[in-house]
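This report covers a metal site and a set of charged side-chain contacts. The model it describes is shown first.

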Amino acid sequence: MYYYYMYELQPLPYSYDALEPWIDAKTMETHHSKHHKTYCDKFNEAVAKHPELFEKKPEELLFDLASIPEDIYEVVKNHGGGFVNHNLFWKCMGKNKGGLPTGSVLDAIVRDFGSFELFKENFSKSALQQFGSGWAWLVITNNQQPTTENKKLHIITTSNQDSPLSNGLIPVLCLDVWEHAYYLKYQNRRVEYIENWWNVVNWDAVEELYK
Ligand SMILES: [Fe+2]
C-alpha cells in the first residue's frame, strides 16, 4: 500500500540540449536518464525495505539521517542524497539564464560575501578545490527560525552525494563536480566547466528557494 509514495524520477524541466553550448545534450541525457535514474532506483529499493518511510519526503529522510534504519542507512545517504541533490541541480539551471541574481538573494549575497563578484570567485574556487567527487553549495546556515533579515548565506562543499540537509543546512544553489557532470565535454578541465556553468544558473529559481 505504501508504494503509492515511491519516489519518482521527474523529467528535466527543459530539453536535454537546452543548456548547450555550456553543457552538452549527451552529458545531460546520460546524467539524468542513467546516473540520476540509478540513484532514484536504488533509493527506492532501499526504502522499500521499510516502506513506512515512503510517507516522508526524501528531503526529510536526509534531514534526519540519524533516524534511518541501519540496514539502509548507507544507501539512503548515498542514493537518496544523489536523488535529492540532482533534483535541485536541474532546478537551479535553465535555458538562456545566467547573468546576475536579483531581489532578496542578490541583497543577501552582497551582505554576506561583499559583492556578487566575490561570491562567484569564492564559489568557483570551492567547486574547483573539492577533492574528488562532490558538490559545491550555497546554503542558508540558520534554518531554525529564518527571517528575511537573518537568512545568512554560506558556501560549502560536500563529498560524494552527501546532502547539506543532513547537517541542518538549507541549499539554494548547487554545482555537481562529479566527473560524470562534465567529462564528456571538458575531460579534466573542471575549471572551464565551472566558469561556463555560470551561464546556465537560473537565478529566479534560486530566489524562489531562498524565499
Ligand atoms: Fe551528478
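At 0% relative accessibility, His-86 is buried (under 20% relative accessible area; exposed is over 50%, partly exposed in between, with a 1.4 Å probe and protein chains only). The model is a predicted one, in which local features need pLDDT of at least 70 and side-chain atom pairs count only at pLDDT 80 or more, while totals for chains, interfaces and linings use all residues. Residues are numbered from 1 along each chain as its sequence is written, and side-chain values use heavy atoms, with hydrogens and water left out.

**Iron site**

His-86 is one of the protein donors of the iron ion; the donors are His-31 (NE2), His-86 (NE2), Asp-176 (OD) and His-180 (NE2), at 1.9 to 2.1 Å from the metal. Donors here are N, O and S atoms within 2.8 Å of the metal (3.2 Å for Na, K and Ca), and since water is not among the atoms, sites may look incomplete. The angles among the 4 donor atoms run from 92 to 135 degrees, and the site is classed as irregular.

Along the sequence the donor residues follow the spacing H-x54-H-x89-D-x3-H. His-86 belongs to helix H3 (residues 70-91) and His-180 to the loop between strand E3 (170-176) and helix H6 (183-186), so this pair ties together parts 94 residues apart in sequence. Helices (H or I, at least four residues) and strands (E, at least two) are DSSP runs numbered from the N terminus. His-180 is also buried, at 18% relative accessibility.

**Salt bridges**

The whole structure holds 7 salt bridges, each a side-chain nitrogen of Lys or Arg within 4 Å of a carboxyl oxygen of Asp or Glu. Among them are these:

| Pair | Closest N and O atoms |
|---|---|
| Lys-37 and Asp-41 | 2.8 Å |
| Arg-111 and Asp-112 | 2.8 Å |
| Lys-77 and Asp-162 | 3.4 Å |

Lys-37 and Asp-41, in contrast, are 4 residues apart in helix H1 (residues 25-47), about one helical turn. Lys-37 is partly exposed at 39%, as is Asp-41 at 33%.

Asp-112 is buried at 17% relative accessibility, whereas Arg-111 is partly exposed at 41%. Salt bridges with shared partners join Arg-111, Asp-112 and Lys-152 into one network.

Note on methods. Four donors count as tetrahedral if all angles lie between 85 and 135 degrees; four count as square planar and six as octahedral if opposite donors are over 155 degrees apart and all others between 65 and 115; anything else is irregular.
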